[in-house]
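I opened this model to look up its charge pairs, its strand pairing and a few loop residues. My entries follow in the order in which I went through them.

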Amino acid sequence: MIVEGGCRWWNRFCRLAMISAALGAALGAEGANAQRGPAGVLVDPVTVIEVAETQPIIARLVAIEESVVATRIPGIVAEIFVRVGDRVENGDPLVRIDTELLEIELDGAEATLTQVRAGLKVAEANEDLAEQVMERTRQLEGSAAFSQGRADDLVQEHASKLAELARAEAALAVAEAQVETARYRRKNAVIGAPFSGVVLAREASTGDYLTAGGAVATVIDDTRLEIEADVPTEIVAALKPGDTVSTLMDDGAPGVAQVRAVVPSESPATRTRPVRFSIGETQSSKPLAAGQSVTVLAPVGPLREVVSVAKDALVQQVNGWIVFVAVDGKAVPRRISLGTAIDDRYEVSGEVSPGDLVVVRGNERLRPGQPIAFEDPGGAVTTGSAVAPAEQTQ
C-alpha cells in the first residue's frame, strides 16, 4: 500500500512538471514572437464608389477553337494514335489511313509520267524535223527544183506535227497532275491535329471505312476559352464591346470579363441574344473547362453607391471572405460578403466602413491581433505595439 501510494504521488508530480514545462515553452514562444516586432504591411482605404445595378445571367465557357477533324481522302482506318484526353500539338498524327493502294496508285502515276515524257520528246523531234524539211523546200522557191505542191504538203505535215506536240504537252500536264494527286493522297493518309489542344472524342475505329470528309476525332483548344451568355433583349443594349462586367464562377470565385461581341441573332423562343465575353482575371481555384457554368452580372439599372475594397485585400477562408483592418496598430479580421467586381476593387458588405484601412500586402500570413507597421495614405507612419500578451493585460 505504501508503494502504491508513493507511485500515485510520483505520477501527480510528473504530470505537474510536464504541464509547467509546456506552459513555460508556450510563454517563451509568445515572448519570442513579441520580440520580433510588428509586421510591415501596405494598407488601402475602404472607399465608396458608384456602380450600376446588375442582373445575374447563367452563362457558359466555350472554346474559341473546337474542331471535328475530318479525313481528306477515303480509305480504311489502319491506325489510331490518340485516346480521349490526350494532349496534342499542332500537326501531331491522330489517325492513319491504309496506304497500300495509295502506294500502287502513286507508282502507276509516276510510270505514266515517264512514258508521257518520252512521248513528248518524240513529238518534239518530229516537229523539229518537219520544220527543217519545210524550210529547205522554201529555200528552193524560184528554182526548177521547187514544187509548190510539195511545199504545201510539207506545211500541212508540219502543222500536224505541231498538233501532236501540243497533245504530248497536254498529256504531260495531265500526268504530272496525276502524280501530284497520288502524292497528295499518300501524304494525307496521316490525319494530323489542326491546332494544339486536347482530344475530346475519337470518331473512328481501326478498320472503319471513311469517305472523304469522314470524322476521325474531335479536338478542342482548352487554352483559349471565352464566355457565351444569352442576354435578354431588353438589357442587351447596355452591353457594348469593351465594357467590363463582373462574373462568378461555379465555385463562387469572383472575376471580371470584357464584352467582345454582341452577336446580331435573336432567339424568338427566349428573346435573348448571344453575347461573347473575353475572360479576365478570376480567383477560381480549379482549371477552366469548356461547358463550365459561370454567372455574368449584366448591368441593368442606374448607378448606385457601394462600399468597396481593393481586390488584394481579400483573404479567403473555409467559411467565407475576410479582410484585415488596421485598428490601433494591429491587424483585426473583419468578415465580409462580396458583391460586384469593379476594375481592381470589389463591392463588399459586412464589418467594414468607408475610411477603414485594410491590409493589401502582407495579409497572407497575418494573425488576428498581430501588431503591424504601415504608412497610411496621409503619409503618417503607424507602428503597432509589440509587447508580450502578458504585458498587454496589465
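**Entry 1: salt bridges**

I began with R260, which forms a salt bridge with E226, the closest N and O atoms being 2.8 Å apart; the term stands for a side-chain nitrogen of Lys or Arg within 4 Å of a carboxyl oxygen of Asp or Glu. The pair links distant parts of the chain, since R260 sits in strand β14 and E226 in strand β12 (residues 225-232), 34 residues apart. Helices (H or I, at least four residues) and strands (E, at least two) are DSSP runs, numbered from the N terminus.

I note that this is a predicted model, in which local features need pLDDT of at least 70 and side-chain atom pairs count only at pLDDT 80 or more, while totals for chains, interfaces and linings use all residues. Residues are numbered from 1 along each chain as its sequence is written, and side-chain values use heavy atoms, with hydrogens and water left out.

Are the two partners buried or exposed? R260 is partly exposed, with a relative accessible area of 44%, whereas E226 is buried at 4%. Here buried means under 20% relative accessible area, exposed over 50%, and partly exposed in between (1.4 Å probe, protein chains only). I then followed the shared partners and found that salt bridges join R60, E226, E228, D230, R260 and R276 into one network.

A search of the whole structure gave me 19 salt bridges. One that I looked up joins the side chains of R183 and E110 (3.5 Å, N to O). R183 lies in helix α3 (residues 148-187) and E110 in helix α2, so this pair ties together parts that are 73 residues apart in sequence. Both partners are partly exposed, R183 with a relative accessible area of 38% and E110 with 30%.

I also looked up E164 and K161, whose side chains meet in a salt bridge (3.9 Å, N to O). They are separated by about one helical turn, because they are three residues apart in helix α3. E164 counts as partly exposed at 28% relative accessibility.

**Entry 2: strands around β14**

I returned to β14 to see which strands it pairs with, two strands being paired if DSSP finds at least two bridges between them. Strand β13 (residues 244-249) runs antiparallel to β14 (residues 254-262), and five bridges join them; within this pairing T247 stands opposite G255. The hairpin of β13 and β14 has four residues between the strands, and G252 takes a positive phi near 90° there.

β14 also pairs with strand β15 (residues 272-282) in the antiparallel sense, over six bridges, and the bridge partner of Q258 in β15 is S278.

In the loop between β14 and β15 I found R271, a residue other than glycine with a positive phi, near 55°. R271 is partly exposed, with a relative accessible area of 49%. I kept in mind that most residues other than glycine have a negative phi. D328 also has a positive phi near 55°; its place is in the loop between β18 (320-327) and β19 (330-342), and it is exposed, with a relative accessible area of 73%.

I traced an open sheet of four strands in the order β4-β11-β9-β6, with antiparallel pairing. Its edge strands are β4 (66-70) and β6 (87-88), each of which pairs on one side only. β4 pairs with strand β11 (residues 215-220) over five bridges, and the bridge partner of A70 in β11 is A215.

Next I looked up β7, which pairs in the antiparallel sense with strand β5 (residues 75-80) over three bridges, V77 standing opposite I97 in β7. β7 pairs in the antiparallel sense with strand β8 (residues 190-192) over three bridges as well, and in β8 the bridge partner of V95 is I191.

Which residues did I check in the loop between β7 and α2? D98 lies in this loop between β7 (93-97) and α2 (100-139), and D98 counts as partly exposed at 36% relative accessibility. D98 and P74 are 24 residues apart in sequence and 9.7 Å apart in space, C-alpha to C-alpha. T99 is found in the loop too, and T99 is partly exposed, with a relative accessible area of 21%. The C-alpha atoms of T99 and V190 are separated by 9.3 Å, although these residues are 91 apart along the chain.
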